[in-house]
Amino acid sequence: MANTVTKKQFIEDYQNEIQSLFAEDVNKASVANQYHALAQLVKRYSNRQWTSSIKKYDIDKQKQVYYFSIEFLPGRYLKPNLLNMNFLEMVREGLQDLGLDLDVIAEQEPDQGLGNGGLGRLASDFMDSMPSIGLAAHGNGIRYRYGLFRQVFVDGYQSELPDDWLRNGNDWEIRREDHAVVVRFGGNVYLQQTESGHMEPVYENSEDILAVPYDNAMIGAGELETNNLRLWSAELPHSVDNEYVTPEVRSRVKAICRDLYPDDSTYDGRILRLRQEYFFSSAGIQSIVRHFLDHHDDITELPKYVAVHINDTHPTLVIPELMRILVDDMGIDWEKAWDITTHTMTYTNHTLLAEALETWPIDAIKTEIPRIYQIIDEINRRFFMEMQGKFDDNLITSIAPIGDGSIRMAYLAVIGSSSVNGVAPLHSDLLQKDVLKGLYAISPEKFNNKTNGIALRRYVHEANEPLAKLIDSKLGKVWRDQPMAIDGLTAYADDDQFLQELAKVKQANKRAFAKFIDDKLDIQINTDAIFDVQIKRLHAYKRQVLHLFYIITEYHRIKANPKADFTPRVHIFGAKAAPSYYYAKSVIKVINEVANMINNDPEVGDKLKVVFIPNYSVSIAEKIIPAADISEQISTAGKEASGTSNMKLMANGALLAATLDGANIDIIKAAGRENEYVFGLTTAEVYKYYENNDYSAQAEYDRNPELQRVLNSLIDGSIPNIQSEGWDIHDSMLRDNDQYFVLADYADYVKTQDQISHDYLDKKAWTKKSLANIAASGAFSSDYTVARYADEIWHAPYAKDLQLLDK
Ligand code: OAK
């Protein structure tokens, strides 16, 4: 649908909007109200396209994809929506005419932090790309009342405050009570024969909860389509007489959608997570089937018109839930229902950590969702029947959906789906060889790889407008529409003037970021320094500690030789630790105290600074990424499924300091190894240590005096204001034999970092490497990723001609 709003029209509409919402003039309205009115107006404009997409999909009977994810991490919507609607410039200018600043107004929008990290942000990048390629694909998740906690540092310690993102309402959503469904928990269930001979479940004393959808427009770029992100909220059913509801019942219902990640240190907390999983899986599947039957007659055609995607294992209960609806509610026989279900479902795995593979105790499932337990039990029984005789009994037992007293969600997801994918080639390979080896042995045809991608529109076009405009000046706008076309920039690798302009853009972004840090944290940073960035969840395998060890090494060197030449650096961290993850919290405390020590040492001055930005979020990422010179991607090889900050940072011209892990490997291949800084053990070397069981952290320590000084500093009182946290790290290294091979990689990492310090001094050569990264980033657009899912997994059509898809 054509973009028809002129600046003049916008100004008039905006003035009217503020007046009708708040009964005041534009310039009298608070910035908060200026934001609310702008969001409402943008929503009004976009709803035209949305209505037409919904209609079109139904009339054309276009295959619809439903992407189930327990996390979405949209961040802010205002500027990305304006960008995709092609209104960004027009609205910016219109507001200017009214004496207002779009960027100031945009800061009013609370981040929607309904996710934790990579998994949730990937889901939101997909939400941007799907309508942008004209794919009918919708999100399905939970409308958490509170997002991931707000992180503050108190005396260097992480403290968690509630993220009350809905306090002032959410301008983007539409509550659709008319589409609510009932989700049933608990009670007893038994099967009774009906007159037609069919077995029907009878429920007693079940707890019925109303699931109310809140719909959010996912606006595609290029005026293509608008899709739906449907987030469910739990309420008391209308049939319940509110007067007589006890506070306990009320709070059980409320609890379901209150927190992302309920406190898992208690049994009740863990059960709540299970209830969340069933809640949005059941609500989503019920509404999909209902919508399907409004437009189709034959339910056996479901897989032809619908694909349901399981984003990691949390929505796996969609499998037994669809079976329940088909068998119990629609009276379809089991074999047919199973055929429909397995051809509808597809699954992505996002982790290689064994401890992250979800299981649920049988008793918990039996108590909370008894009918679903019966169905899983039957799936399990039939799985054994089908496999016995074909495969070894031990193998079957080791991969069955039920085993060791638990439901094994990843195994159920594989068995109930037609496709299973990892998110980078190395990850997909390790799934087959290691984590899901047994299942790969019985159904190799299901397994495939789909390398992650990122929404370049958000991370470059919107977050780094100066860079985007510079690229436009050389390539025109084609790269915005066909991301691979950005490789046209390689033609400028020897163009001195262009390299200077590129360096200028980076420098301006660094100045803007330095101002942000000064305003927010009162820390002054040297914009001539290397901005060395590590932004990701805090986890032992991601090895923020290795980065910390290098910082301490640099500090020791400066103190030992204060007059020596030193390439200045600013180390920038953004990370949240899970509230119950004790070790990760110790790491935060130590980084913060090392930062205090270094930042306040006059002998260090401008040479070295450490900035840990509290409350890392999507909108903070958008400020850091354009300013980065170095991208720390230093996980133990074989542990990071893909990583996506690696892609965001390269697209903004940062160079990798990286292990050969996850999608780092693919980035290195695409941009050229000579343009990155690669170090450390390979996956094969790590696995060899596992096999031979012969890794000795102590031996690493013994042979390296510089490393000894670093480790000793954690426990000898030289870092002020740390208590046992230094010991926590020290113990994890030497007492617990360094599970993530930090000490093994230390020497090579330090050598690589020293090389970076040396190379940075040659500005032109550095900028050339930066350009090589930007020019190679097109291949990591999530537009291609979702197109590959559509082609090879969902078999769903999309309108856009994505040229160069397989280049
Ligand atoms: C979160 C909870 C359970 C399982 C996995 C995750 C998760 O966030 N995984 C991350 O997914 C990203 C998107 O695929 C990957 O880039 C990260 O490597 C992976 O850790």
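This is a predicted model: local features need pLDDT of at least 70, side-chain atom pairs count only at pLDDT 80 or more; totals for chains, interfaces and linings use all residues.
**Exercise 1.** In which loop is the place of alanine 23? Determine also whether alanine 23 counts as buried or exposed.

*Solution.* Residues are numbered from 1 along each chain as its sequence is written.

Step 1. Alanine 23 sits in the loop between helix H1 (7–22) and helix H2 (31–60). Helices are DSSP runs (H or I, at least four residues), numbered from the N terminus.

Step 2. A residue is buried if 20 or more other C-beta atoms lie within 10 Å of its own, exposed if 12 or fewer, and partly exposed in between, with C-beta atoms placed from the backbone. Alanine 23 counts as exposed because it has 9 C-beta neighbours inside 10 Å.

Step 3. Its phi is positive, about 55°, although alanine 23 is not a glycine. Most residues other than glycine have a negative phi.

**Exercise 2.** Locate lysine 648 and state which residues it touches.

*Solution.* Step 1. Lysine 648 lies in helix H25 (residues 645–651).

Step 1. With 29 other C-beta atoms within 10 Å, lysine 648 is buried.

Step 2. Leaving out residues up to four places away in sequence, lysine 648 touches Ile454, Tyr459 and Ile625. Contact requires C-beta atoms, placed from the backbone, within 7 Å.

Step 3. In an unreviewed entry, UniProt lists Lys648 for "modified residue: N6-(pyridoxal phosphate)lysine"; such annotations may be inferred rather than shown by experiment.

**Exercise 3.** Describe how domain 2 meets domain 3.

*Solution.* Step 1. An automatic or database assignment sets the domain bounds. Domain 2 covers 61–76 + 111–143 + 169–449, and domain 3 covers 456–476 + 483–681 + 747–779.

Step 1. Their centres, taken over C-alpha atoms, are 37 Å apart. The contact takes 25 residues from domain 2 and 19 residues from domain 3.

Step 2. On the side of domain 2 that touches domain 3, helix H6 (118–132) and helix H16 (425–435) each give two or more residues.

**Exercise 4.** Which residues come nearest to the ligand?

*Solution.* Step 1. A residue is near a molecule if its C-beta atom, placed from the backbone, lies within 6 Å of it. Of the 16 residues around the ligand, Gly118, Leu119, His350, Ala641 and Ser642 come nearest.

Step 1. Domain 2 and domain 3 each supply at least three residues of the shell.

How values were computed
Two residues are in contact if their C-beta atoms, placed from the backbone, lie within 7 Å.
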